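Visitor: Please take a close look at the aromatic rings in this structure and at how they pair.

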Amino acid sequence: MLFKNIGILDENLDYQSDQWVGVRDGRIAYVGAAAPADADAYGETYDGAGKLMMPALVNAHAHAPMTLLRGYAENLPLQRWLNEKCWPFEGKMTPEDMYWGTVLACAEMARYGTVSFSDMYYATPERAQAVTEAGMKANLCECELFFEPKPFSEYAICAKMEDFVARFHGAADGRIRMDYNIHAEYTSNPQTCADIAAIAKEKGLPIHLHLSETASEHEECKQRHDGMTPLAYFESIGVLDVPVTAAHCVWVDDADIEIMARRGVSAVNNPASNMKLGSGYAPLAQMLDAGVNVCLGTDGMASNNNHDMFADMYLMGLIYKGHALDPAIITPKQVITAATRAGMLSQGRADSGLVKEGFKADLCVLDVTGPQWCPMTDALCNVVFAGSGSDVVLTMCDGEVIYRDGAFSTIDVEKAKAEVSARAKRIIAEL
């Protein structure tokens, strides 16, 4: 496909008007102010007048099947939310339920310009199937809680992960990747976590975990582990010897931030979820100043309610200014980076996340003719503070269009909606 006369956020996230972008063999083959010499070789020409192209978004922390829990677990703090609502509901979910929940999540993400997500949940084969069919990308990890101190090899998930890594890591032309999982410090034990870290290191795979989401989690860990914070504890047992994607990071302290920067930990900001559960505000400015790879995620639909990453970009760009009483604490470029390039880097996808020649063609196109986009004084400010996911008119993953002008090319969204609605009603009735 050849896009002509389209505004873009270039590889530096600077706005360039009236550009030509050529996509071929799944990659961006051309970016320039004039048509490429071989324009006819790109197939369809897309008129980009009144449109803006930017890197497609990356949801760096999600629980995709939790679309079934949307609107179910409301107005509760984290531990009651988990114990009274989420975990009992999840105990009734079947692998087929999780498949359909993931299908609907993929549709919702694609609709709003997201092509890749890091997902922590169960039923990995069914989730991998849903992502593959959707033509999207995902880093998947199989979740389990490790309350009993014993070798990881004695947990059934150990053999399952061996199988999943063999079957799914690199599947779908590399669109599916596998991560190892530690749910959190408070749902695990040192022996099992150290074993997981050693296996992940041996296999060269990352770990996805929750970190310092609440004040109580952070402080109770220090009581359990001789004053160590969750991050310091994880470092002490070898977990940070591999790339780690750490969700939330709301209560990390200055020493934690130094560790994150030094050990290359990717911190995933989840502003909607953190506010909805009353967890607090992550120290974003300090993390960014230290050089931490800060990403953006929605979390699950029981603590956010939608997969529109533009809504999370808006929150990330706004709420920390008010919390810190500093309007300059974070810039729109930092927000967009967190939602695009930083997320791809957290997933180990170094050749994605920029509108740049040679990079994977993971792109979204927005209609910027609406009144909220006028004037285009500062395109980045408009993206973060004026735009919304509903402005997305085309979503492309690895050069393939998966959403365009209200139509999903890979997903039967009406079927997915019907399945999720019926399955959620069944589970609630069983509870």
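Guide: Phe-164 and Phe-168 are both buried in this predicted model. The two belong to helix H4, which covers residues 156-168, and because they are four residues apart there, about one helical turn separates them. The count of aromatic pairs comes to twelve. For Phe-164 and Phe-168, the ring centres are 6.1 Å apart and the planes stand at 45 degrees, so this pair is tilted.

Tyr-281 and Tyr-320 make an edge-to-face pair, with 6.1 Å from centre to centre and 90 degrees between the planes. Tyr-281 sits in the loop between helix H9 (271-276) and helix H10 (284-289), whereas Tyr-320 belongs to helix H11 (residues 309-324), so the pair ties together parts that lie 39 residues apart in sequence. Tyr-320 is buried, because its relative accessibility is 4% and the cut-off for buried is under 20%.

Ring pairs also join Phe-146, Phe-152, Tyr-155 and Tyr-180 into a cluster. Tyr-155, one of the cluster members, has a charged neighbour too: the charged end of Lys-150 sits over its ring, 4.5 Å from the ring centre. A charge over a ring is also found at Tyr-42, where the charged end of Arg-24 lies 4.4 Å from the centre of the ring.

Definitions and conventions: Residues numbered from 1 in each chain as written. Predicted model: local features only at pLDDT ≥ 70, side-chain atom pairs only at ≥ 80, totals over all residues. Heavy atoms only, no water. Phe/Tyr/Trp six-rings, centres within 6.5 Å; stacked < 30°, edge-to-face > 60°. Buried < 20%, exposed > 50% of the residue type's maximum accessible area, 1.4 Å probe, protein only. Lys NZ or Arg CZ within 6 Å of the ring centre and 35° of its normal.
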